[in-house]
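Let's take a friendly walk through a protein model. Have a look at the picture first, and then we will go through it together.

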Amino acid sequence: MSETFIEQIRAFLLNPVILACVTSWFSAQFIKTVINILYGRIHSIFDLLENLIWKTGGFPSSHSALVSSLATTVGFRNGMGSDIFILSFCFFMVTIRDAVGVRRSNGIQAKKINEIGRILDNKKIIEYKPIKEVNGHTPMEVTIGCLLGFFIGLAFSLF
């Protein structure tokens with residue numbers, strides 16, 4: 001490997017924008033995991049690892065935290081009039097709209113479809129296999145995720 005490639009990897013890994021995004025994601029996932037432990041929702045090591053790394057839905061929204069920290073750090077580093085800030089802000093808006101709108105609605109619809117399917121299956125009318133219920137977010141989960149991401153992005157921008 002050439003030295004410039006290694007320098008580019010190092011610059012990527014030490015970039016405040018990526019550090020803020022990763023910190024925001026894992027902070028939200030950690031908070032979510034602690035809450036799930038306190039409520040007795042973690043039943044195995046697999047549940048614990050899934051919650052820490054990838055579990056969607058819940059409080060706070062890790063997607064919201066990540067895109068909020070992205071827009072915040074890009075805005076501070078490049079200015080709010082920069083093309084890259086506009087791109088990151090639009091990405092933020094689409095992600096937030098999806099988290100609180102589309103994904104939440106899909107999850108509610110999937111839950112109702114599964115309820116109807118179980119009733120029909122129990123009455124031997126049809127054989128039903130449940131569909132995945134996507135966990136969207138409540139407005140509060142998204143708001144707290146955005147605030148978490150904003151403050152982490154701010155910290156990485158100022159220090």
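We begin with charge: the protein carries 15 positive and 11 negative side chains, and the centres of the two sets lie 8 Å apart. Here Lys and Arg count as positive and Asp and Glu as negative, while His and the chain ends are not counted. Each charge is placed at NZ of Lys, CZ of Arg, CG of Asp or CD of Glu.

This is a predicted model, in which local features need pLDDT of at least 70 and side-chain atom pairs count only at pLDDT 80 or more, whereas totals for chains, interfaces and linings use all residues. Residues are numbered from 1 along each chain as its sequence is written, and side-chain values use heavy atoms, leaving out hydrogens and water.

Now the fold. The protein has 6 helices and 0 strands; these are DSSP runs (helices: H or I, at least four residues; strands: E, at least two), numbered from the N terminus. The radius of gyration, taken over C-alpha atoms, is 20 Å, well over the 15 Å from the globule rule for 159 residues, so the protein is more spread out than a compact globule. That rule is 2.2 Å times the number of residues to the power 0.38.

Most residues other than glycine have a negative phi, and most peptide bonds are trans. Lys124 is exposed, with a relative accessible area of 75% (exposed means over 50%, with a 1.4 Å probe and protein chains only).

Note on methods:
Buried < 20%, exposed > 50% of the residue type's maximum accessible area, 1.4 Å probe, protein only.
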